[in-house]
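Subject: Handover of a structure and its salt bridges

Dear colleague,

Please find below the structure that I am handing over to you. My notes on its salt bridges follow.

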Amino acid sequence: MARNTVWHPFTQHALEPAPMRISRAKGAWLEQPDNRRILDAISSWWVITHGHRYTPIVEAVHKQIDRLDQVIFAGCTHEPAERLADKLIEMAPRGLAHVFYSDSGSTSVEVALKMALGYWRNIGAPRTRIAAFEHGYHGDTIGTMSAGARGVFNAAYEPLLFDVVRIPFPHAGRGQETLDALDAACREEPLAALIVEPLIAGAGGMLIYTAETLAEMKRICERHGALFIADEVMTGWGRTGTLFACQQAKITPDILCLAKGLTGGVLPLAATLATERIFDAHYSEDRARTFFHSSSFTANPVCCAAALANLEVWENEPVLKRIGALAEHQDKQIRTFEADDRFENPRRLGTITAVDLKVADAGYLASAGIALRTHFLAHGVLLRPLGNTIYVMPPYCTTAADLSLVYETIRSAPDIVAL
Ligand SMILES: *Cc1c(COP(=O)(O)O)cnc(C)c1O
């Protein structure tokens with residue numbers, strides 16, 4: 001492959017074909033310069049919710065850029081940030097009171113971890129122990145890699161990662177093991193916080209667990225005074241069938257991380273929402289208790305305007321109904337894999353489906369991943385399997401006919417792996 005100036009994310013340039021060039025996008029479809037169309041079945045890495053270039057959001061961006069592009073957010077404020085914060089608090093699970101902006105899912109989680117440790121220090125009872133799930137993913141910065149599962153992706157940085165208490169994932173029928181491990185960890189030494197991906201571990205392989213287990217984990221944290229951080233970076237904005245996954249367990253986390261679909265996926269923006277108690281711990285005449293965090297583009301006005309337009313779409317349009325219809329189509333498709341013995345564990349949560357390709361040698365599959373992606377693209381579908389897990393996470397405008405195309409190409413995947 002020709003050497004390229006651009007260094008792509010999660011890309012082995014020595015092995016992978018040249019990246020696909022995209023020049024336009026609309027709805028669920030990407031377009032190449034030669035007008036070839038590719039169905040975006042993974043919402044451009046889980047960010048696009050309503051569809052590409054969704055009109056109300058695009059218009060809000062145009063309007064805002066003509067007024068105020070960017071301004072320092074320490075000592076300054078602006079209407080898009082303030083209105084967005086109020087609306088986020090209104091729509092988020094009840095009990096969250098303050099919004100801290102940043103610019104990616106990873107930073108929203110870093111902010112959450114810093115808020116948790118700041119809370120304990122500022123109330124004079126320092127705690128620094130973090131608990132997190134096996135198979136968890138929270139980002140690619142040092143702090144978020146520490147909370148996430150360890151593996152080939154972060155082996156080089158291992159010496160810099162901090163230790164966390166690893167809680168076993170609540171696989172089907174094994175929820176009690178998770179709860180017992182969490183309870184034991186809390187008793188052993190006080191936890192500063194537990195961080196979880198509610199209802200589904202995304203990058204860890206689209207592993208689903210029950211709302212009952214999620215609710216019970218929150219109760220255990222409450223009982224032991226550990227803060228509960230919900231990383232809804234992927235699950236937020238309707239993916240799991242409700243606006244936020246936490247709603248299905250009827251819980252309010254102490255800290256909630258949002259990014260990806262916050263702007264409908266149009267622009268990068270993240271928000272970390274916290275309860276009054278956590279804000280109050282940082283509210284002091286003692287400057288040392290300040291929450292010392294900032295990114296250059298904190299609360300960028302154009303990004304905030306895009307997010308505000310997204311929240312208005314949620315308010316004014318029947319988004320949940322659309323999601324319900326998409327979930328139904330997804331369900332119909334994924335169920336056909338129950339009778340296909342080349343696959344196992346077909347599953348669905350809200351608009352997300354996943355199925356595991358049966359393979360004798362998982363190591364071989366790692367290299368087959370490129371062949372699979374190439375195969376899907378040749379059929380006009382953008383999919384990016386996680387190991388032997390093929391998942392579909394489409395924008396909400398994706399039609400039943402679009403999905404038929406997606407699943408037809410998935411059905412032919414075993415032939416590719418067998419090559
Ligand atoms: C994608 C993701 C992140 C990281 O978000 P970035 O915007 O890529 O930094 C964090 N947590 C979860 C659950 C995610 O899916």
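A salt bridge is a side-chain nitrogen of Lys or Arg within 4 Å of a carboxyl oxygen of Asp or Glu. This is a predicted model, in which local features need pLDDT of at least 70 and side-chain atom pairs count only at pLDDT 80 or more, while totals for chains, interfaces and linings use all residues. Residues are numbered from 1 along each chain as its sequence is written, and side-chain values use heavy atoms, with hydrogens and water left out.

The structure contains 21 salt bridges. One of them joins the side chains of Arg83 and Glu312, at 3.1 Å from N to O. Arg83 belongs to helix α3 (residues 79–91) and Glu312 to helix α9 (residues 301–316), so this pair ties together parts 229 residues apart in sequence. Helices here are DSSP runs of H or I with at least four residues, numbered from the N terminus. Arg83 is partly exposed, at 38% relative accessibility, and Glu312 is partly exposed at 26%. (Buried means under 20% relative accessible area, exposed over 50%, and partly exposed in between, with a 1.4 Å probe and protein chains only.)

A second salt bridge pairs Arg223 with Asp183, their closest N and O atoms being 3.9 Å apart. Arg223 sits in helix α7 (residues 211–224) and Asp183 in helix α6 (residues 175–188), 40 residues apart. Arg223 is exposed at 53%, whereas Asp183 is buried at 14%.

Finally, Asp340 and Arg342 form a salt bridge of 2.8 Å, N to O. Asp340 is buried at 16%, and Arg342 is partly exposed at 31%.

Yours sincerely

How values were computed:
Helix = DSSP H or I, 4+ residues; strand = E, 2+ residues; numbered from the N terminus.
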